[in-house]
Amino acid sequence: MAEISTGSITGEGSITGEGSSTGEGSITGEGSTSGGGDLPFVDGLLRQVDYWATLWARTWRGVVASSFLSPFLYVIAMGVLLGGFVEADSETLEGASSYLAFVVPGLIAAHAMQTAVSETTYPVMGMIKWQRIYESMLATPLQPQHVVGAHLGSVALHLVATCGLYALVLAPFGVYESWWGPFVAFLAQVLCGMTFATLVYAFTTRNRSEEGFGVLFRLGVFPLFLFSGAFFPVSNLGDVGGTIARLTPLWHGVNLSRMFALDNVVWWQAGVNVAVLVVLMVLGWFWSVSGLTKRMLS
Amino acid sequence: MSDTLSEGTADDAVETPDQPAMITARGLRKRFRQTSGDGFEAVRGIDIDVRKGEAFGFLGPNGAGKSSTMRMIASVSPVTGGELRILGMDPAVDGPAIRGRIGVCPQEDNLDQELNVFDNLYVYGRYFGLPKQVVRERVGELLEFAKLTEKAKAKVDELSGGMKRRLTIARSLINRPDLLLLDEPTTGLDPQARHLLWDQLFRLKQAGVTLVLTTHYMDEAEQLCDRLVIMDKGVIVAEGAPRDLIREHSTREVAELRFGVGEHAAHAELLADLGDRIEELPDRLLVYAEDGEEVVARTHERGLQPIATLVRRSTLEDVFLRLTGRTLVD
């Protein structure tokens, strides 16, 4: 009784604990009272597809436009205009026939890093503390691993779009040495981006404010961008400098991307590059989930 | 025989003991670790029982531990001591299942500013694993309920404070929760918006939803809560129905007597025997008594002439201030 118009909203007497309300319970992952436990990982991701799709529906034009524009500008400035002054034989350019062909695969990998970092710094901080989207998500059956997973999934999609468009734009420049190499190089670039995405996501969850980002950009991203082999062979840095450069995650991404694009693959190196990137990415994933858990569910 | 029967039902109506427990807490504690020192204990051993269909309130000054308690009940903050059961489940084990059956309306709106009103509700419903069609239908009903149907396509930015609050409450109902948690639901709203919200919460209560809310507003607690606890410094200092609390911790009436500046201390001594209790404030004396008019009359009999007098009923605010003090808590 007392079924006011709200009756329909609050559930037809569903309130009575069991009975119809267990109907809801079953939605949340079954057996509500017994066992319970975690929501299955994939289920948690699928439940967020509509959210991220709605966001993407609003932003994809910008992503595509900037994905076309920035490679053009970079390639014209670095590859064509600056590269025009670079006289080097293919030996010193790690097997590339021109400076343009040398710089392009490295540039895409470095661009993947930058995209990943920009997607996992301010946007993640915003969802943690400015708009507090995560707080609203975690009040539902979703758990930190689902929230992190879906967000990083969106970053992966962004990387696929960006690196894919980059590669397409450059195809007419004749910088690829085989038909299959660019595809593997593309995967390497996305992997490189995702490694940075998980690591920087973890970093962001452990920062109280955005002040740490300035340091990250100045002391992390910028030096890596310049000195991890994207623009010149790291052997130019000398023994010590070269060794340090080869320890950075970005170099592994750049090297992998370039070897496949230039069809000049040293397989043991490729194995090491992939292993390093995958291990760091997995570590970053666990740090991200634990970081978000500590931050949001204290 | 008929006597015993009617007695039984009367008791049931007041105590609702046969209703299933929605929340049970025994010796519940919450300690936050701090980088330095021992940490800070926000909740220091509280017992709570909330039964189905009740409207239950947490009152207390800032820092009393209300929000920490609410977060533990919402299963987003691990319990650090004692026992807590929500809908019969342990939040440490069954967090997702519990959260699937409760609705949460946080203190500050955390709506998605990038999405419009409809999408805010829609994507949220999907987090609960509800099928698309079901969510769409419910969004329609909830927009109606929250009087936001016209605003379905509006951006959240464009909504007034009251509209945002209604949208947040509507969102918390998308999974048809058995238990609705509201953290200071009407803070910052104008009187019209507050009354509309109270009306909506009352309708939910009528429909059988168990409400648990925190509030700073005593009138809100009196309006909405069947039963409440007053918390202070992490413990419960009083518990009961608003009327019972007033009866227990205050007198029926309060006479407020205003004298000239600086006279209050002296007069307080002269009038101390007129009521159960007398309280001296910078600008007036409060005499707690069964009959406030008599206090005023006796005051005049004693040759004292207050500048102004006011006789009123005791309120929950009197109880609250008595139990938690008048000192400002930041």
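**A guided look at chains A and B**

For chain A, the unreviewed UniProt entry lists "domain: ABC-2 type transporter transmembrane" at residues 56-258. UniProt positions follow the numbering used here, with shortened feature names, and annotations may be inferred rather than shown by experiment. Residues are numbered from 1 along each chain as its sequence is written, while chains are lettered from A and ligands numbered from 1 in the order in which they are written. This is a predicted model, where local features need pLDDT of at least 70, side-chain atom pairs count only at pLDDT 80 or more, and totals for chains, interfaces and linings use all residues.

Visitor: How far apart are the end C-alpha atoms of residues 98-125 of chain A?
Guide: UniProt's unreviewed entry places a "transmembrane region" at residues 98-125 of chain A. That span is 93% helix and 0% strand; helices (H or I, at least four residues) and strands (E, at least two) are DSSP runs, numbered from the N terminus. Its end C-alpha atoms are separated by 41 Å.

Visitor: Which residue is the bridge partner of B:Ile278 in β12(B)?
Guide: Strands β11 (residues 277-280) and β12 (residues 285-289) of chain B pair in the antiparallel sense over four bridges; pairing requires that DSSP finds at least two bridges between two strands. They form a hairpin with four residues between them. In β12(B), B:Ile278 is bridged to B:Val287.

Visitor: What distance separates the centres of domain 1 and domain 2 of chain B?
Guide: Domain 1 of chain B covers 12-241 and domain 2 covers 251-313, with bounds from an automatic or database domain assignment. Taken over C-alpha atoms, the centres are separated by 41 Å.
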